[in-house]
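Biologist: I have a model open and would like to learn how to read it. Could you take me through it?

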Amino acid sequence: MSVATHPELDGFARNQSLDGLTEPSLRAIAEGREGYTIETARRFLSFQKRIDAELLKHPIITDNAYTAWFEHSRKSHEQIMSFIVQFSVFSNQFLVAQLQKTLNADTLESMRASKEILANEIGVVFNAPGRKTPGSSDTDRHGDPELVSTEGSVDGGVFRFRAAHFEWLLRIAEKLGLRFEELGRRLHGTESTLFFCDELIRLYGNEDYMTSQAASYAVENWAAAGFWDQLVAGLVNYNTQLDSPLPLAFFTWHARIEGQHAQHTQEELEELYFDRDVDEDAFIETGNEMLEGVAAFWNGLDEQRRRIGAI
Ligand SMILES: [Fe+2]
């Protein structure tokens, strides 16, 4: 977690023993904004210690056996195919969870924040200030993840069927010899993949704002923990065995965007804490419940790849 970078805020944090808070929170405290008291800040910092110890050390964040194997070991065509199929089921069901999160938002601001993710997933390219939407005359490249931005807003962005994340995945799948009808739908999901998807819908998309925020914090920390980079490394390695490499932009795009998310996630947690009454035990419990769902997905993939490997 990165902290304040402004010298005057650094000094303020040190004097008040508030090291560890992000810059927006320190600024709000220094300005005396409503709810932003030194006492709440100290309570937050001890809550953060609990989160670090009781949530972020979950084995699926610190020690994911499947992604470690994926990064370093030799993978068969069959193993890659079954991974892509399960990922495609998750990718589709995530839309349901994200829509529920959008519909259950309790402020316009959080509804819009959820819509950003939803609209981008289904194919609205981010409209990044100062950056031209790729205007390639080659229509095949419209929405190409190698070209589209990982920053900006869907507001004013262009919709392209080909920019749907599912279609990016489809392009890898086609190259592996998978047909559209073999992907995406629940009937292709294993029990553990579907358990994860259903937990996402139940917790991340929950009607109760605090439940969905806790699940969201857990999911975002899992996503920022480096699994995208591990998948990219494993696939780059796999490609060296092929005459015609798999297009990896679905994975490299997500690795790029997650790199930017971690700081934002931390700022959101602080904002939540200063803004609302957070039940700390419930937050940690829900976060862990969500991570158990995440773990079911990866551990299910791990069992599947072992089964295939043993054939
Ligand atoms: Fe995505």
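Predicted model: local features only at pLDDT ≥ 70, side-chain atom pairs only at ≥ 80, totals over all residues.

Modeller: Residues are numbered from 1 along each chain as its sequence is written, and side-chain values use heavy atoms, with hydrogens and water left out.

Biologist: Which protein donors does the iron ion have?

Modeller: Donors are N, O and S atoms within 2.8 Å of the metal (3.2 Å for Na, K and Ca); water is not among the atoms, so sites may look incomplete. Here they are E121 (OE), H165 (ND1) and H254 (NE2), 2.1 to 2.2 Å from the iron ion. E121 sits in helix α7 (residues 108–122) and H254 in helix α12 (residues 249–275), so the pair ties together parts 133 residues apart in sequence. Helices here are DSSP runs (H or I, at least four residues), numbered from the N terminus.

Biologist: Are E121 and H254 buried or exposed?

Modeller: Buried means under 20% relative accessible area, exposed over 50%, partly exposed in between (1.4 Å probe, protein chains only). Both E121 and H254 are buried.

Biologist: Where does I284 lie?

Modeller: I284 is in helix α13, and with a relative accessible area of 5% it is buried. Its C-alpha atom is 7.1 Å from that of E54, 230 residues away along the chain.

Biologist: Why does F161 count as exposed?

Modeller: Because its relative accessibility is 64%. F161 is in the loop between α7 and α8 (165–175).

Note on methods. Helix = DSSP H or I, 4+ residues; strand = E, 2+ residues; numbered from the N terminus.
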